[in-house]
Amino acid sequence: MKMTFRWYGESDPVTLQYIRQIPGMTGVVSAIYDIPVGEVWPLEKIAELKATVNAHGLDLDVIESVPVHEDIKRGLPSRDHLIDNYGQTLRNLAACGIKVVCYNFMPVFDWTRSTLAMELPDGSTTLAFDVAVIEQANLDNGISLPGWDVSYEPETLKALITEYAQVDEATLRERLAYFLERIIPVARDAGIKMALHPDDPPRSMFGMPRVVKNREDLAQVMAMVDDPANGLTLCSGSLGADLGNDIPSLVREFGSQGRIHFAHLRNVKVNEAGDFHETAHRSEDGSLDMAEIVKAYVETGFGGYYRPDHGRMIWGETGKPGYGLYDRALGAVYLNGLWEGIRKGMPTAQ
Ligand SMILES: [Mn+2]
């Protein structure tokens, strides 16, 4: 398996040089951020990004993410053209040597938190989700979410959420199937593995449907197009925000089928009500047993890409919430240790 780190491009305060200095780091996952969603990513821009990353001694094999245009999730007639564009983007990525594309199929918000800077007892800050705070926000008193305030005009957002609230899970699932039936053959022919990221958090909000939130959902998506190119980004922190999701068991089930192409590894502290906050990666700090998760990857012979996921803000660092350098680097080193310890304890495993 290959350890990677998310990098937000030239504007990211975490530089490629710093990332390369993290022990065991082989590459970054990144994206083209200045092309409007739905347009084809030009070959030259992808090649330029790849060359920049390679020049720092790192690989760029994984794209996170190529966003799915909202019209595809809304099932509008414009989706056919947008799916064609998505396919062309995949061909261009493949031409530049990209192997895996992460994406998600969440309506409107591709992650939701009630705060981006909850203070922990040690003075670090972290992203958190408080069910009551989210449920208080509704269309009548206005929905304003940290991290999303500038993404939509209030009226546009209200109309979009109202529309989705009429859509049931079965319908959203049909729209995902429509997308996959057209995109997976393109990905397969191009040599790209598609890796669907689960819903973050894995629950319905504001009456909108969610279809990638538990084992049953994942199995349904895999069956929509039964092809190894139709795979998963198994995000422990997203799925782990529902205590009913058994992450090691999901890794074993979908990993043994060769359907996990990208692993996000992070820990969350969750309570029975569904409130959670993100913690350091260590098992003792959160609700997930990270050693059991890594063990499941080792035992299923996982050979794909993985990365430490969000980190807290520590040591006075400022920057993009969840994506500072220090705590993610600590997470990477911790994961390296788990991986080495577990592998060496099992001489027959890869
Ligand atoms: Mn994730």
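Which residues of strand β12 (residues 305-308) are buried on one side, and which on the other? Y305 and R307 are buried on one side of β12, and Y306 and P308 are buried on the other, so that both faces of the strand are covered. Here a residue is buried if 20 or more other C-beta atoms lie within 10 Å of its own, exposed if 12 or fewer do, and partly exposed in between, with C-beta atoms placed from the backbone. Strands (E, at least two residues) and helices (H or I, at least four) are DSSP runs, numbered from the N terminus.

The model is a predicted one, in which local features need pLDDT of at least 70 and side-chain atom pairs count only at pLDDT 80 or more, while totals for chains, interfaces and linings use all residues. Residues are numbered from 1 along each chain as its sequence is written.

**The protein as a whole**

The secondary structure comes to twelve helices and twelve strands. The radius of gyration, taken over C-alpha atoms, is 19 Å, close to the 20 Å that the globule rule gives for 350 residues, so the protein is as compact as a globular protein of that length; the rule is 2.2 Å times the number of residues to the power 0.38. Along the principal axes, the C-alpha atoms fill a box of roughly 50 × 50 × 40 Å, and 44% of the 350 residues count as buried. Two residues are in contact if their C-beta atoms, placed from the backbone, lie within 7 Å; among contacts between residues at least 6 apart in sequence, 71% join residues at least 24 apart.

**Strand pairing**

Strands of a sheet pair through backbone hydrogen bonds, either parallel or antiparallel. Two strands are taken as paired if DSSP finds at least two bridges between them.

| Strands | Sense | Bridges | Residues opposite each other |
|---|---|---|---|
| β1 (residues 2-6) and β12 | parallel | two bridges | M3 and Y306 |
| β9 (residues 260-265) and β12 | parallel | four bridges | F262 and Y305 |
| β5 (115-119) and β6 (residues 125-129) | antiparallel | three bridges | E119 and T125 |

β5 and β6 belong to an open sheet of four strands, with the order β5-β6-β11-β10 and antiparallel pairing. β5 and β10 (268-270) stand at the edges with a single partner strand each, so one side of each is left without a neighbour in the sheet.

**Helix α2**

Helix α2 (residues 43-55) has 13 residues and reaches 18 Å from its first C-alpha to its last, close to the 18 Å expected at 1.5 Å a residue, where the expected span is 1.5 Å times one less than the number of residues. Its buried residues are I46, L49 and V53. Seen down the axis of α2, these buried residues fall within an arc of 65°, so they line one face of the helix; the arc is that of the directions from the helix axis to the C-beta atoms. What covers them includes α1 (16-20), β2 (27-30), β3 (59-64) and α4 (79-95), whereas the face turned away from the buried side carries the exposed residues E44, A51 and A55. α2 is followed by G57, whose phi is positive, near 80°.

**Residue Y164**

Y164 lies in helix α6 (residues 154-164) and counts as partly exposed because it has 19 C-beta neighbours inside 10 Å. Not counting residues up to four places away in sequence, Y164 touches P107, V108, M208 and P209.
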